[in-house]
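The entries below are in the order in which I looked things up.

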Amino acid sequence: MLEVSIYRYNPEVDAEPYMQDFTLDTQGKDIMVLDVLEKLKAEDPTLTFRRSCREGVCGSDGVNISGKNGLACITPLSAAVKNNKLVIRPLPGLPVIRDLVIDMSQFYAQYEKIQPYLINNTPAPAIERLQSPEERAKLDGLYECILCACCSTACPSFWWNPDKFIGPAGLLQAYRFLADSRDTATEERLAKLDDPFSVFRCHGIMNCVQVCPKGLNPTKAIGHIRNMLLTSAT
Amino acid sequence: MVTTVTNLGRSGLSDWLMQRLSAAVMTAYLLFILGYFFINPSPNYEQWVSLHSALPMRLFSLLTILSIAAHAWIGIWCVLTDYVTVRLIGPKATAIRLFFQLITIAITLFYTIWAIDILWGI
């Protein structure tokens, strides 16, 4: 029998959060953490969590699994269970709405700051703005981000200053548009990042790289942004 | 863009660059002093004075002291703006943070001026 400990908090009923213990017979199968949550929800319908695609594409079910942020749907029990115990908490650092559901407003506010869309005021060509295969290749490792917030909520700099530090997810996306050959707002984008918080609160501890369920490297992207700032300002 | 007025260089890039350059200067100074002790493990008073009264050495020591001051200020400023914030400890945080920033400036200035006095007093 698998022991599962889950963070529970319903602000309408509970004075403060608590950990609730469950036991579950997994019949020895190496199922995903999301399957465990679904089975427990069948027993206790008040258990609340986000989920959608159940295949690591939508980014809805980011939770803290036995101390490490990840997507419940693509994390097998074999990678998450320690001493026959599975501990599931909400992603840390953002306000909890209920149980494993967090308020991601601050995360999206930082994403919005970096203007996550192509800016190009030159007349549009008849069909589309073309890129060479080399220019397109620069976006690999950047465009795959699904904004699950596992990285930003694993980052102490984001915990302490979620209103000022853009965070690894936002910065990965910032570089995705800085690196895009079709975007013409590079200087304006860089000017908005050159303060002591937006980019430079990253101290390169690489928690983001360790937890990214898509295997992306925000620290490397942040390094590229620093280099671009250095090149344009010196 | 986040506006700040108490960081060293007013821009994130300049603080970051200063942090790296000052670290390089401190490393060079440390290696030089370690090298000096490696070549001359127990210098007598005259040798020590002669080393530190040469102008290039005084300038190197001064550069290192200024690097320590800048490095310390940037580092402490980062720590204070991480942990001594309204978000973490409530509305008194701004006053407490400013107090510690002033203390840091006072200590840094005190040591820098004292070090210059020692260097040029040899």
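These are my notes, starting with chain A as a whole.

**Entry 1: chain A overall.** I note at the outset that this is a predicted model. I counted secondary structure elements in chain A and found nine helices and seven strands. I then took the extent of the C-alpha trace of chain A, which spans about 60 × 35 × 30 Å along its principal axes. I looked up burial next: of the 234 residues in chain A, 38% are buried. For contacts in chain A with a separation of 6 or more, I found that 66% join residues 24 or more positions apart.

**Entry 2: the nonpolar cores.** I recalled that nonpolar side chains tend to be buried together in soluble globular proteins. I looked for the largest nonpolar core and found that it has 59 residues. The members that touch the most other members are V33(A), A72(A), L171(A), A174(A), Y175(A) and I225(A).

Setting aside neighbours within four places in sequence, I listed L171(A), A174(A), Y175(A), L178(A), L193(A) and V199(A) as the contacts of I225(A). I also found another core, lying apart from the largest one, with five residues. Its members include A70(B), W73(B), I74(B) and W77(B).

**Entry 3: chain A against chain B.** I asked how many residues each chain brings to the contact. Chain A brings 15 residues and chain B brings 13 residues. On the side of chain A that touches chain B, helix α9 (residues 218-233) gives the most, with four residues. I sorted that side of chain A by class and got eight nonpolar, five charged and two polar residues.

**Entry 4: helices α3 and α6 of chain A.** For a helix pair I wanted the angle and the distance between the axes, as two packed helices are described by these. The axes of α3(A), residues 105-113, and α6(A) come within 9 Å and cross at roughly 20 degrees. I noted the crossing of α3(A) and α6(A) as right-handed.

I then listed the residues that make the contact. From α3(A) they are Q110(A), Y111(A) and K113(A), and from α6(A) they are G167(A), A169(A), G170(A) and Q173(A). By class, I filed the residues of this contact as four polar, two nonpolar and one charged.

Definitions and conventions
Residues numbered from 1 in each chain as written. Chains lettered and ligands numbered in written order. Predicted model: local features only at pLDDT ≥ 70, side-chain atom pairs only at ≥ 80, totals over all residues. Helix = DSSP H or I, 4+ residues; strand = E, 2+ residues; numbered from the N terminus. Buried ≥ 20, exposed ≤ 12 C-beta atoms within 10 Å, placed from the backbone. Contact = placed C-beta atoms within 7 Å. Core = buried A, V, L, I, M, F, W, Y, C linked by C-beta atoms within 7 Å. Nonpolar A, V, L, I, M, F, W, Y, C, P; charged D, E, K, R; others polar. Axes fitted to C-alpha atoms, helices over the stretch in contact; angles between N-to-C directions. Left-handed = near helix turned anticlockwise from the far one by under 90°.
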